[in-house]
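This briefing covers salt bridges, helix faces and surface charge in one protein model. Please read it alongside the sequence and the 3D view.

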Amino acid sequence: MRIEDIKKVLSEFMLFRELDDYELTKIANISIAREWKKQSHVFLQGDPLENVYFIYNGKIKVYKSDINGKEQIVAMMKKGEMFPHVGFFRKGSYPAYAEVLEPSTLIAVPISKFEGILIEYPELSIKVFKVLGEKIVDLQNRLEEQILNNTYEQIIKLLIRLGQKHGKELEDGTILLKSEFTNRDLASMIGTTRETISRTLTKMKKDELIEVDDNGNMLLDIDVLLSEINLI
């Protein structure tokens, strides 16, 4: 990928959207574009923290694993997102694994070189903090859900979150969420079991809170799901 192409890609990310051509060129010059195969890992938990990645296309699963090999999904990342968010201001190692779910093109920005640019352009630091702040609020909300909500409420809020982030809005206002997440994935996102997810989704279909087509895609009405939470 040429420098001009990298500049164009980076300019579409919120973090770099307001930079001028000269500033973008500075960042593009230190960036590396690379293609990744499905089921490969961008980095492993514990690897030296060297780069922050920007997704040009594809899908990445970020997850943690405990000593028993149990997986906890932290996030599903897609085009237009960066990871890990802690990268620019953290020393040491990657806090999780990053697995490629489908062929992806990523742009890697070396942290040490990027920090040099931040020193040169302090206003960029403010933009980085803004992006990190939004991520922190999202993580706080998810933690709150786990502490304050029962599993049923957590599953509903998870579907709402996935629908808003990964779904496609249809003409009637409902959200089409494709069957890219298995029950195991959903369970891993909120720390429950696959069986609990399966039972809950079956109940929600029976109660007409969600619809599922022949391909396993979900049709979600966000207002209906929010009303169900408010009734609990």
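Glu 71 counts as partly exposed, at 22% relative accessibility, where buried means under 20% relative accessible area, exposed over 50%, and partly exposed in between (1.4 Å probe, protein chains only). Accessible areas come from the Shrake-Rupley method with a 1.4 Å probe, and for residues only the protein chains shown count as cover. This is a predicted model, in which local features need pLDDT of at least 70 and side-chain atom pairs count only at pLDDT 80 or more, while totals for chains, interfaces and linings use all residues. Residues are numbered from 1 along each chain as its sequence is written, and side-chain values use heavy atoms, with hydrogens and water left out.

**Salt bridges**

- The structure holds 10 salt bridges, a salt bridge being a side-chain nitrogen of Lys or Arg within 4 Å of a carboxyl oxygen of Asp or Glu.
- Glu 71 pairs with Lys 61 in a salt bridge whose closest N and O atoms are 3.0 Å apart. Glu 71 lies in strand S4 (residues 71-78) and Lys 61 in strand S3, so the pair ties together parts that are 10 residues apart in sequence. Helices (H or I, at least four residues) and strands (E, at least two) are DSSP runs, numbered from the N terminus.
- Lys 61 counts as buried, at 8% relative accessibility.
- A salt bridge also joins the side chains of Lys 59 and Glu 180 (1.7 Å, N to O). Because Lys 59 lies in strand S3 (residues 51-65) and Glu 180 in the loop between strand S8 (175-177) and helix H6 (183-190), the pair ties together parts that are 121 residues apart in sequence.
- Lys 59 is buried, with a relative accessible area of 12%, whereas Glu 180 is partly exposed at 31%.
- Glu 12 and Lys 8 meet through their side chains in a salt bridge (3.4 Å, N to O). Glu 12 is partly exposed at 42% relative accessibility, and Lys 8 is exposed at 53%.
- A network of salt bridges links Glu 4, Lys 7 and Asp 21.

**Helix faces**

- In helix H2 (residues 21-30), the buried residues are Glu 23, Leu 24, Ile 27, Ala 28 and Ile 30. They cover an arc of only 165° around the axis, which puts them on the same side of H2; the arc is that of the directions from the helix axis to the C-beta atoms.
- Exposed residues Asp 21, Tyr 22 and Asn 29 sit on the face of H2 turned away from its buried side.
- Helix H3 (residues 111-120) has Ile 111, Phe 114, Ile 117 and Leu 118 as its buried residues. Down the axis of H3 these fall within an arc of 115°, so they line one face of the helix.
- The face of H3 turned away from its buried side carries the exposed residues Ser 112, Lys 113 and Ile 119.

**Surface charge and loops**

- Glu 169, Glu 171, Asp 172, Glu 208, Glu 211, Asp 221 and Asp 223 form a negative surface patch. Patches are made of residues with over 30% relative accessible area and no salt bridge, with like charges joined within 9 Å and nonpolar side chains (Val, Leu, Ile, Met, Phe, Trp, Tyr) within 5 Å.
- Lys and Arg count as positive and Asp and Glu as negative, while His and the chain ends are not counted. The place of a charge is taken as NZ of Lys, CZ of Arg, CG of Asp or CD of Glu.
- Glu 208 lies in the loop between helix H7 (194-206) and strand S9 (210-212) and is exposed, with a relative accessible area of 68%.
- Lys 70, in the loop between S3 and S4, is exposed at 57%.
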